[in-house]
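Here are some notes to read with the model open beside you. Take the points one by one and find each residue as you go.

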Amino acid sequence: MPPIDTNSGQIIAVVEKTSMGYYRPAVSRFVNVRELVELVYQSLPCLTDVVAWGDTCHPIRQYKGELVANRFKTIVVPFAPNNFKQLCNVLEDAKALITGSCAITMFLGPSSQPPRDLNILVTEQRFRLLEAFFLHKLDYEWVDRTAIPHDALLHAVAHFVCYRLEDRLVTISVVNDAGLFRAVVCSPCTADMIAMTPGGICSFYPKLTMDCVAILSSGGLLVDPEYAVGSVWSEQFTMYDNAEFLGADCGLSCPSLWRGVADSNLSRVVEWDRRFSIREPLQKSHTIWRLAETCSNPLCSFRTIPGRYCPLLPPLTMPADLNAIEDQCFLVKRHSFTSPVTVTALLYVTAAMSPHKVLVGLQEGKEKLRCLDDLEMNFWVNTLARDKFAVPANHYRRTFSAIPDAPALKLPNSYTIVCEEPEGYPPPNALLKERFGQSSLNDTLRGNILVLKHFNHDRQQVADVTEGDISIINLLLDGGALRKIHWANFK
């Protein structure tokens, strides 16, 4: 082969014979010539390919972090030309996430047109920090002070504002108290379920995104074709309203299965600067989501047996006589499970005369219990009344290691109490009223209460409730726990 001319001199290709008798071409000094390494990086638009190439050997790996960081800078720096480093620090201080076209471009590589808008998610408490930076430091101007989110995002985004500087737009979406990642997974399609920080990126549907196809979420079905919300109906992605296009079993990617933000088995996380890590907020999130209540793919194994683990109990009305109480106790006792793992919990059902030990199974698609979020607690307590597709799994539960009214009185184990969503209008809980009724609580003791036990005060180590735990749980509920799980504390 003829020599390759570079600014660092000629690179000579040679042929070597291996010990196995095969010949292989080798290029001496290739990996030590930065411009050649950069050339290969630039020829790999998809970020996952860039990472795979960067991990091939140590000399190439030393360039990976810097070159991936340069890609992020190239995408974001037009929105803060002379203040890029400060923008990164402000995003970190505000604990904000970048979504939309900038995140998609970072993951898939540059397209024919660079992103014109920078989309940011932030909580209400830190919104003013970002607003002051763009308005006063970068001289952006308001575009619309009365903008309201599209109906597809209304339940996840409280409000948003838009700023303009020349031909560049910055939109800041202020999320409600359920968390940033809930707004991400409430996006109208899977392609938009992607977020990044100045040091990392996470795509919740990487394979679909790399194939430039997307599945509409429940909110995406509300977007008319003439409106552009996120990537819905964009030319970059082919949109489907279900998984039938796969032509095969959905497996664990089934749209009807619950997935956790903190569970990265099906997600793809890439980090290039751990100072701006995205893994930490991912691991702290308790948000779970699904795209649909049922799967429409005829080849999907989870479509043939809907709810095979734990069918959701319908809400029951307040009993009017003893027969109704007996009927409800019968319903509780007769349920059995085919879940591969079950744990025993204590249920204070609305019409019962005493608490019942019940089994709690795994969510469909889960084969082992790794954390509390893997349990299908909605079988006994309905937390999906407000949103059936993206919920903070920990929103209606509290864990206690001591008696609230006597903090010095430590419990031998921890207990998590799970309540029902108020917007489901559950009936009053006659059992709780009879046993723990107080004038200040009587009107709020509604719906079923589920209590789970943890060994060694570790929330992830779920243990079976025994007969000996019942008196301790009663003491906990009577000792201030019911006030702590008052619905007003969950709003």
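1. **Ground rules.** This is a predicted model, so local features need pLDDT of at least 70, side-chain atom pairs count only at pLDDT 80 or more, and totals for chains, interfaces and linings use all residues. Residues are numbered from 1 along each chain as its sequence is written, and side-chain values use heavy atoms, with hydrogens and water left out.

2. **The largest pocket.** Start with the largest pocket, with a volume of about 1,400 Å³. Of the 41 residues that line this pocket, Ser101, Asp117, Asn119, Gly230 and Ser231 are the closest to its centre. A pocket here is an open set of points on a 1 Å grid over the protein atoms alone, where a 1.4 Å probe fits, with protein on both sides within 12 Å along at least five of seven lines; lining residues have an atom within 4 Å of a point. The volume is the space filled by probe spheres set on the points, with grid points joined across faces, edges and corners.

3. **Who lines it.** Two or more lining residues come from each of α5 (100-108), β6 (117-123), β8 (157-165), β9 (168-175) and α7 (180-185). Helices (H or I, at least four residues) and strands (E, at least two) are DSSP runs, numbered from the N terminus. The largest share of the lining, 5 residues, is from α5. By type, the lining of the largest pocket divides into 20 nonpolar, 17 polar and 4 charged residues. Nonpolar means Ala, Val, Leu, Ile, Met, Phe, Trp, Tyr, Cys and Pro, charged means Asp, Glu, Lys and Arg, and the others, Gly among them, are polar.

4. **The second largest pocket.** This one has a volume of about 700 Å³. Its lining has 28 residues, and Lys95, Leu180, Phe181, Pro281 and Lys284 lie nearest its centre. The elements giving two or more residues to this lining are α4 (84-93), α7 and α9 (279-284). The lining of the second largest pocket splits into 10 nonpolar, 9 polar and 9 charged residues.

5. Which strands form an open sheet, and in what order? There are 3 strands, in the order β14-β16-β19, with antiparallel pairing. β14 (259-260) and β19 (390-392) stand at the edges with a single partner strand each, so one side of each has no neighbour in the sheet. Strands pair if DSSP finds at least two bridges between them. β14 and β16 (residues 287-289) are joined by 2 bridges, and arginine 259 has tryptophan 289 in β16 as its bridge partner.

6. **Ring pairs.** The count comes to 10 aromatic pairs. Rings of Phe, Tyr and Trp (its six-membered ring) pair if their centres lie within 6.5 Å; planes under 30 degrees apart are stacked, over 60 edge-to-face and the rest tilted. Phenylalanine 72 and phenylalanine 84 have ring centres 6.0 Å apart and planes at 55°, so this pair is tilted. Phenylalanine 72 is in helix α3 (residues 58-76) and phenylalanine 84 in helix α4, 12 residues apart. Is phenylalanine 72 buried or exposed? Phenylalanine 72 is buried, at 1% relative accessible area; buried means under 20%, exposed over 50%, and partly exposed in between (1.4 Å probe, protein chains only).

7. **A ring cluster.** Phe181, Phe204, Tyr205 and Trp289 are linked into a cluster by ring pairs. Within this group, phenylalanine 181 and phenylalanine 204 have planes at 90° and centres 6.3 Å apart, so they are edge-to-face. Phenylalanine 181 is buried at 5% relative accessibility, and phenylalanine 204 is buried at 0%. Arginine 259 turns up again here: its charged end sits over the ring of tyrosine 205, 4.7 Å from the centre. That label needs NZ of Lys or CZ of Arg within 6 Å of the ring centre and within 35 degrees of the ring normal.

8. **Strand β22.** In β22 (residues 449-454), 6 of the 6 residues are buried, so the strand is largely enclosed by the rest of the structure. Ile449, Val451 and Lys453 point one way, while Leu450, Leu452 and His454 point the other way. In general, side chains in a regular strand alternate between the two faces of the sheet.

9. **Partners of β22.** β22 pairs antiparallel with β17 (residues 342-348) over 3 bridges, and leucine 346 stands opposite valine 451. Strand β21 (residues 406-418) is joined to β22 by 5 bridges, also antiparallel. With β23 (residues 462-463), β22 has 2 antiparallel bridges, and histidine 454 stands opposite valine 462.
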